[in-house]
Amino acid sequence: MTTSRRTVITAAAAAGLVASAATTGTAHAKSGGDSAGKGGAVKEHFGTLADGTRIDRWTIENGRTRLRVLSYGGIVQALEIPDRHGRRANVSLGFDDLDSYVANSPYFGALIGRYGNRIARGTFTLDGKKYQLPINDGPNSLHGGDKGFDKHVWSVEAFRKGADVGLTLRRVSPDGEMGYPGALTVRVDYTLTAAGDFRIDYEATTDKATVVNLTNHTYYNLAGEGGGSVYDHRLEIAASRYTPVDKTLIPTGELAKVAGTPFDFRRAKEIGRDIREAHQQVLYGQGIDHNFVLDKGITSRPEHFLTVTEPESGRVMRIATTEPGVQFYTGNFLTGTFAGTSGRVYRQGDAFALETQHFPDSPNQPSFPSTVLRPGQTYRSTTVHSFSTR
């Protein structure tokens, strides 16, 4: 996908959002936390927006897993897990300072909404009324528009439930925000379980019929952030079909078989094994940037559908979800124009994202599972990331 398809805010626009004197995350880490929340969570000042809004970084830990989350965008700034020798490393891409998240981030670690992925031409019709969304990705609308949930400040509260610890993030998206109908009340729980799993629970209600598709956009490298290419990671996805796209990356409506294509991960293989094939869909995405149709479908409880292994560290991540699809993105447009928390430059193929979701452009695709939410209904979605070594 071109840079326009993984849209970032220009430096000029960023100047109006972040105060130039915002303190870096590195400085905050050295100064230590300024408060301890329920469940042992630590809250630190991470930076200040140009309008004076304080942005905090929250840290929680359970077992050998440590999670750092920003109130800006609900961003997963760091996810630290051990390798086969017990050495812990951050496996998620991100930045040390607020300025970079506002100015440069291609959705690193962010909460995505109201609608994860693309809506064709930024329009959809619901109950006979046509709605226009911002166009921020070629001719389409991506990840909720040019000021989606990833660019808003969330309220954050720590919690403990038995042996689990977590953070509850909340915000109300007003009626008409980014063109979407209805006031949407959203709650997202980030939980670290006693086993060290990272669980995300999404919940939303509306006062007017709308469309909703929430997800998280963490970029992973199980060798450790800044560790180079992920093409040697071995990936297995229980998906016999995927949704082919047109040249603007909007689904054609077909549920195509993965058999005989670079998209066949039904048996574990290296992410990069077939990524250079001259397949039209790979050419459109400049790699893989496609929705996989999970064999399990929509489920009331999260069911396992994916395993990814990094050979050198031995780290293994298994993902379970209630969702019917996952957008698998191979970091095709990490362009080497910025560096992350390790101080190393991110280049093409240095991470992958696995965005559990309903399908892209579902409001315009009647054959896809519906993303309509109506008053009196509650949107719920759960995804669980489990970690181990081998």
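## Strand pairing

In this predicted model, strand S23 (residues 289–293) is paired with strand S26 (residues 325–329) in the antiparallel sense, and the pairing extends over five bridges. Within this pair, Asn-291 stands opposite Gln-327 in S26.

The two strands belong to an open sheet of six strands, whose order is S18-S29-S26-S23-S20-S21 and whose pairing is antiparallel. The edges of this sheet are formed by strand S18 (219–220) and strand S21 (256–257), each of which pairs on one side only. Strands of a sheet pair through backbone hydrogen bonds, in either a parallel or an antiparallel manner.

Salt bridges number 22 in the structure. One of them joins Glu-80 to Arg-68, with the closest N and O atoms 3.6 Å apart. Because Glu-80 lies in strand S5 (residues 76–82) whereas Arg-68 lies in strand S4 (residues 65–70), the pair ties together parts that are 12 residues apart in sequence.

Both partners fall below the cut-off for burial, which is set at under 20% relative accessible area: Glu-80 has a relative accessibility of 13% and counts as buried, and Arg-68, with a relative accessible area of 19%, is buried as well.

## Partly exposed salt bridges

A further salt bridge is formed by Glu-270 and Arg-234, whose closest N and O atoms are 3.0 Å apart. Glu-270 is located in strand S22 (residues 269–270) and Arg-234 in strand S19 (residues 234–237), so that this pair ties together parts that are 36 residues apart in sequence. Glu-270 is partly exposed, at a relative accessible area of 29%, and Arg-234 likewise counts as partly exposed, at 34% relative accessibility.

Arg-199 forms a salt bridge with Asp-201, and here the closest N and O atoms are 2.8 Å apart. The arginine of this pair, Arg-199, has a relative accessible area of 30% and is therefore partly exposed.

Conventions:
Residues numbered from 1 in each chain as written. Predicted model: local features only at pLDDT ≥ 70, side-chain atom pairs only at ≥ 80, totals over all residues. Heavy atoms only, no water. Salt bridge = Lys/Arg side-chain N within 4 Å of Asp/Glu carboxyl O. Helix = DSSP H or I, 4+ residues; strand = E, 2+ residues; numbered from the N terminus. Buried < 20%, exposed > 50% of the residue type's maximum accessible area, 1.4 Å probe, protein only. Pairing = 2+ DSSP bridges.
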